[in-house]
Amino acid sequence: MSRRKTERLLNLVICLLATRRPLSAEQIRHAVPGYDRDGDEAFQRMFERDKNELREIGIPIDVVRDPWEDEPGYRIERESYELPEITLEPDEAAVLGLAAQVWQRASLAEAASGALLKLRAGGVATDQPVGGSIGGGALELRVDTRDPAFPALWEAVRDRRVVRFDYRGAGSENVRARTVEPWGVVSRNGRWYLAGFDRDRDAPRVFRLSRITGQVAVLGRAGAFEVPEGVDLRDMVGFPDDSTDERVAVVRVRKGTCEGLRQLARAVREADGRWDEAELPFSDPERLAGWMASLGSDVEVVEPPDAREAVIRRLKGAMAS
């Protein structure tokens with residue numbers, strides 16, 4: 001969906017929610033930015049499409065027929081539009097917190113933080129700090145998506161739209177244009193990869209986002225291709241077996257905190273009145289350290305020594321920066 005259309009639909013929803021009385025199509029035409037005010041037929045077609053799309057995603061647009069008016073009026077009843085009270089189980093809240101940690105990319109961070117603020121205002125506890133900072137006693141765990149190509153590729157994957165970009169091969173300075181059906185973006189060892197079908201080579205390929213140069217061009221319409229059934233993106237990118245070299249860290253966890261960590265632990269037992277002790281599987285000490293550091297004073301890695309030292313380095317580096 002284009003940005004212009006998204007803004008128009010959002011403006012239409014705001015307009016119909018804010019009005020105290022039903023608005024005619026002509027009134028909406030002049031009140032909502034983005035509608036063609038010259039061609040009557042073009043406006044009617046666009047308005048009908050917009051109403052249908054909003055209804056398909058569950059937004060109730062009421063049609064009110066006043067016997068004293070020639071045209072029907074439209075509005076959105078706030079009681080029908082607003083969500084009921086949301087109750088989440090601890091594991092569900094933990095998942096939302098982890099998801100918000102992923103979307104710290106500038107284009108999505110504001111929405112993720114806003115959603116968590118609303119959940120907390122409603123009394124739902126999450127593991128993710130909102131607006132955390134070193135000075136405030138909280139550290140943020142982030143999935144690094146600073147590659148400029150990431151936002152455009154993520155949207156293309158979502159919409160199933162073909163992309164074209166200039167790509168520099170490994171160990172080479174040669175840059176060539178690639179036309180790709182994007183199947184998914186995957187992170188491995190701190191780097192992001194695009195997996196998809198390379199139309200130029202007529203075969204599935206993987207591209208490292210840091211080797212994409214310039215802008216990513218999005219081609220054609222949405223839904224232009226289908227991702228083949230059974231495609232394993234992790235296998236395409238070359239993930240090792242998750243069980244390879246797996247180890248177990250012993251972590252002290254403050255009672256009543258870190259629900260996400262507890263859900264992933266192999267075992268959790270009581271240590272004393274204030275702390276529990278969790279056994280947490282891991283394979284990379286540095287990745288474990290990044291996660292543990294994000295939880296601040298609510299966790300303490302007891303062993304193994306290399307994982308504990310990695311956390312200490314992270315915290316010292318954060319305090320020095």
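Ala 249 stands opposite Leu 280 in strand S10, where strands (E, at least two residues) and helices (H or I, at least four) are DSSP runs numbered from the N terminus. The model is predicted: local features need pLDDT of at least 70, side-chain atom pairs count only at pLDDT 80 or more, and totals for chains, interfaces and linings use all residues. Residues are numbered from 1 along each chain as its sequence is written, and side-chain values use heavy atoms, with hydrogens and water left out.

S8 and S10 pair in the antiparallel sense, over 8 bridges. Two strands are taken to pair if DSSP finds at least two bridges between them. This pair belongs to an open sheet of 4 strands, ordered S9-S10-S8-S11, with antiparallel pairing. Its edge strands are S9 (267–270) and S11 (299–303), each of which pairs on one side only. On average, neighbouring strands of this sheet are turned by 25 degrees against each other, direction ignored. Axes are lines fitted to C-alpha atoms, for helices over the stretch in contact, and angles run from 0 to 180 degrees between N-to-C directions.

Helix H10 (residues 285–294) packs on the sheet and touches S8, S10 (275–282) and S11. The direction of H10 makes about 145 degrees with that of S10. Contact here means heavy atoms within 4.5 Å. S8 (residues 247–254) and S11 run antiparallel and are joined by 4 bridges. Val 250 has Glu 303 of S11 as its bridge partner. On the other flank of the description, S9 and S10 also pair in the antiparallel sense, over 4 bridges. The two strands form a hairpin, with 4 residues between them. Arg 269 has its bridge partner in S10, namely Glu 277.

A further open sheet has 5 strands in the order S6-S5-S4-S3-S7, and its pairing is antiparallel. S6 (203–208) and S7 (212–219) stand at the edges with a single partner strand each, so one side of each is left without a neighbour in the sheet. Here neighbouring strands are turned by 45 degrees against each other on average, direction ignored. S3 and S7 run antiparallel, joined by 5 bridges. Val 163 is paired with Val 218 of S7 as its bridge partner. Helix H7 (residues 150–159) lies across S3, S4 (175–188), S5 (191–198) and S7. H7 runs at about 75 degrees to S4.

Helix H1 (residues 3–18) has 16 residues. From its first C-alpha to its last, H1 reaches 22 Å, close to the 22 Å expected at 1.5 Å a residue. The expected span is 1.5 Å times one less than the number of residues. The buried residues of H1 are Arg 8, Leu 9, Leu 12, Val 13, Cys 15, Leu 16 and Leu 17. Buried means under 20% relative accessible area, exposed over 50%, and partly exposed in between (1.4 Å probe, protein chains only). These residues pack against helix H2 (25–31), helix H3 (40–56), strand S2 (73–75) and helix H4 (78–81).

Glu 53 is found in H3. Glu 53 counts as partly exposed because its relative accessibility is 23%. Glu 53 and Leu 9 are 44 residues apart in sequence, yet 8.9 Å apart in space, C-alpha to C-alpha. Asp 66 lies in the loop between strand S1 (62–64) and S2. With a relative accessible area of 35%, Asp 66 is partly exposed. Asp 66 and Pro 22 are 44 residues apart in sequence and 9.4 Å apart in space, C-alpha to C-alpha.

Taken as a whole, the protein chain has 11 helices and 11 strands. Of its 321 residues, 34% count as buried. Among contacts between residues at least 6 apart in sequence, 53% join residues at least 24 apart. The accessible surface comes to about 19,400 Å², of which 48% belongs to carbon and sulfur atoms.

The mean pLDDT of the chain is 78, and 74% of its residues reach 70 or more. pLDDT is the predictor's confidence in each residue, from 0 to 100. Confidence is lowest in helix H6 (residues 106–121), at a mean of 50, and highest in S3 (residues 162–168), at 95. Over residues 124–143 the pLDDT is below 50, and this stretch has 48 contacts in the model beyond near neighbours in sequence. Residues 240–244 also stay under 50, with 3 contacts beyond four places in sequence. Where pLDDT is low, the predicted coordinates should not be read in detail.

Technical notes. Areas by Shrake-Rupley, 256 points an atom, 1.4 Å probe, with all protein chains shown as cover.
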